[in-house]
Each structure stands twice: as C-alpha cells, then as structure tokens.
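Subject: Handover of a structure

Dear colleague,

Please find below the structure that I am passing on to you.

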Amino acid sequence: MTLDELRAEIEDIDREIVELIARRTYVAETVAQVKDERDLPTTDEGQEEQVMRRAGQNAERFDVDSNLVKAVFRLLIELNKVEQRESR
Ligand SMILES: C=C(O[C@@H]1C=C(C(=O)O)C=C[C@H]1O)C(=O)O
C-alpha cells in the first residue's frame, strides 16, 4: 500500500469515529429526556465507572493503551454531559 492509500484509509476511519461520536451524543440526548421526566441528575458516577471499566477492558482486548483509551472516554463522557445539560 502507498502512503496516500494508507492516509485515505485513516481518513475513512476518522469519519467513522466522528459518526460514532455523533451517535453516542444523540443517544445521550434521549437519556437526558428520560432523566428530565424522572427528575434524575445528569451525572451518574456509577454508570461512568462502568463505562470507564468497559473502556479499559476493550482496550486490552484490542491491544491498545488502556490509559489513552480511558482518556478518550473521559472526554466523551464530558461531551455527553455538556450536551445533556444543554438539552434539559
Ligand atoms: C449517558 C449518561 O449520562 C452521563 C454520561 C455518561 C456517558 O457518557 O457514558 C454516563 C453517565 C452519566 O454521568 C447516562 O447516565 O447513561
């Protein structure tokens, strides 16, 4: 494979990553509606711990640095909470 072909593959993957982030954010907006109806707070620390634990397990399964993957998920969680607060 040429460098250009490899970079085109990375470009495709990057678009998919953003699409997945958009999907995750969209679901969080629906979560926000449910929380609003039930008068629940935006932050659920127990659920965040589960998400972070799963992120670490998945990182190990795919042999990528678990601290870096967890850092990405910490940002994704914060992004979701910002979106949820904006939609409540
Ligand atoms: C999406 C939720 O809201 C918040 C965001 C979370 C996330 O992005 O994974 C997890 C827990 C909550 O603090 C949820 O409660 O499931």
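I begin with the ligand. Helix α3 provides the largest share of the shell around the ligand, namely four residues. Helices here are DSSP runs of H or I with at least four residues, strands are runs of E with at least two, and both are numbered from the N terminus. The model is a predicted one, in which local features need pLDDT of at least 70 and side-chain atom pairs count only at pLDDT 80 or more, while totals for chains, interfaces and linings use all residues. Residues are numbered from 1 along each chain as its sequence is written.

The shell around the ligand

The residues that surround the ligand are Ala28, Val31, Thr43, Asp44, Gln47, Glu48, Val51, Leu76, Ile77, Asn80 and Lys81. A residue is taken as near a molecule if its C-beta atom, placed from the backbone, lies within 6 Å of that molecule. At least two residues of this shell come from each of α1 (3-38), α2 (45-61) and α3 (66-87).

One of the shell residues, Val31, belongs to helix α1. The cut-offs are as follows: a residue is buried if 20 or more other C-beta atoms lie within 10 Å of its own, exposed if 12 or fewer, and partly exposed in between, with C-beta atoms placed from the backbone. The C-alpha atom of valine 31 is 23 Å from that of glycine 56, a residue 25 positions away along the chain.

The chain as a whole

The protein chain has three helices and zero strands, arranged along the sequence as α-α-α. Its radius of gyration is 16 Å, well over the 12 Å that the globule rule gives for 88 residues, so the chain is more spread out than a compact globule. The radius is taken over C-alpha atoms, and the rule is 2.2 Å times the number of residues to the power 0.38. The C-alpha trace spans about 55 × 25 × 15 Å along its principal axes.

Of the 88 residues, 5% count as buried. Among contacts between residues at least 6 apart in sequence, 64% join residues at least 24 apart; a contact requires C-beta atoms, placed from the backbone, within 7 Å of each other.

UniProt, in an unreviewed entry, lists residues 1-88 as "domain: Chorismate mutase". UniProt positions are given in the numbering used here, feature names are shortened, and annotations may be inferred rather than shown by experiment. Over residues 1-88 the chain is 85% helix and 0% strand, and the end C-alpha atoms are 48 Å apart.

The 36 residues of α1 should span 52 Å at 1.5 Å a residue, and the end C-alpha atoms are 52 Å apart, which agrees. The expected span is 1.5 Å times one less than the number of residues in the helix. Helix α1 is hardly covered, with two buried residues among its 36. Glutamate 11 lies in α1 and is exposed, because 10 other C-beta atoms lie within 10 Å.

The loop between α1 and α2 contains aspartate 39. Although aspartate 39 is not a glycine, its phi is positive, about 60°. With 6 C-beta neighbours inside 10 Å, this aspartate counts as exposed.

For α2, the 17 residues should span 24 Å at 1.5 Å a residue, in agreement with end C-alpha atoms that are 24 Å apart. Helix α2 is also hardly covered: its count of buried residues is zero. Arginine 53 is located in α2 and counts as exposed, with 11 C-beta neighbours inside 10 Å. From C-alpha to C-alpha, arginine 53 and glutamate 19 are 23 Å apart in space, and they are 34 residues apart in sequence.

Aspartate 63 is placed in the loop between α2 and α3. Its phi is positive, near 55°, in a residue other than glycine. Aspartate 63 has 7 C-beta neighbours inside 10 Å and so counts as exposed.

Yours sincerely

Technical notes: Contact = placed C-beta atoms within 7 Å.
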